[in-house]
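Morning, everyone. I have one structure to walk through. Please look at the screen.

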Amino acid sequence: MSAQRVSLVTLGVAEVPRSRAFYEAWGWRVRQENDDIVFFQCNGLVLALFRADLLADDQWRTREQLGVGGMTLAQNYPSVEDVDERYRAAVSAGATVLKPPEATNWGGYSGYVADPDGHVWEIAHNPYWDVSDDGSVVIPDSLP
């Protein structure tokens, strides 16, 4: 059994309806929901938006201990044009601009936005990785 996997990413959010509205405006579709949590089916994993106070309780932590923004979620795309389009869509949906997309020092192209709760998303093109139509990323055995 592979230990290298991510099945579910749960983001603690202040207001589930507000966060849901942002992700839907960004083009995401809800798969399941109740008053406290919303689930989006992704390519091989699930993204959940869960009330932060309930997430803290579930972890036996305080709300302050959850923090925010200490990690980056990323969406990789096969082209620079795709990055620009998805970046504009995020900003139109209400994302906070952190860094507009630009050429990187490692040969790619990326920018950063934050959702209404401050969760950071990188929107990137890595010319050294293969990105399938469903968004799955394959790292080649070696770099060119």
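How many bridges join strand 7 to strand 8, and which way do the two strands run? There are six bridges, and the strands run antiparallel. Strand 7 spans residues 109–114, and strand 8 spans residues 120–125. Look for Gly111. Opposite Gly111 stands Ile123 in strand 8. One caution before we go on: this is a predicted model.

Now the sheet around that pair. It has four strands, in the order 5-8-7-6. The sheet is open, and its pairing is mixed. Which strands sit at the edges? Strand 5, residues 72–76, is an edge strand, and so is strand 6, residues 96–103. Each of them pairs on one side only. How are neighbouring strands turned? On average, neighbours in this sheet are turned by 15 degrees against each other, ignoring direction.

Next, helix 2. Find residues 52–59. Three residues here are buried: Ala52, Leu55 and Ala56. Why do they lie on the same side of helix 2? Because they cover an arc of only 100 degrees around the axis.

What covers those buried residues? The cover includes two strands, strand 1 (8–13) and strand 4 (46–51). Helix 3 (63–66) is also part of the cover.

Now go to the face of helix 2 turned away from the buried side. That face carries Asp57 and Asp58, and both are exposed. So much for the two faces.

One last stop. Just after helix 2 comes Trp60. Trp60 takes a positive phi, about 60 degrees.

That is my tour. Over to you.

How values were computed: Residues numbered from 1 in each chain as written. Predicted model: local features only at pLDDT ≥ 70, side-chain atom pairs only at ≥ 80, totals over all residues. Heavy atoms only, no water. Buried < 20%, exposed > 50% of the residue type's maximum accessible area, 1.4 Å probe, protein only. Arc of directions from axis to C-beta. Contact = heavy atoms within 4.5 Å. Pairing = 2+ DSSP bridges. Axes fitted to C-alpha atoms, helices over the stretch in contact; angles between N-to-C directions.
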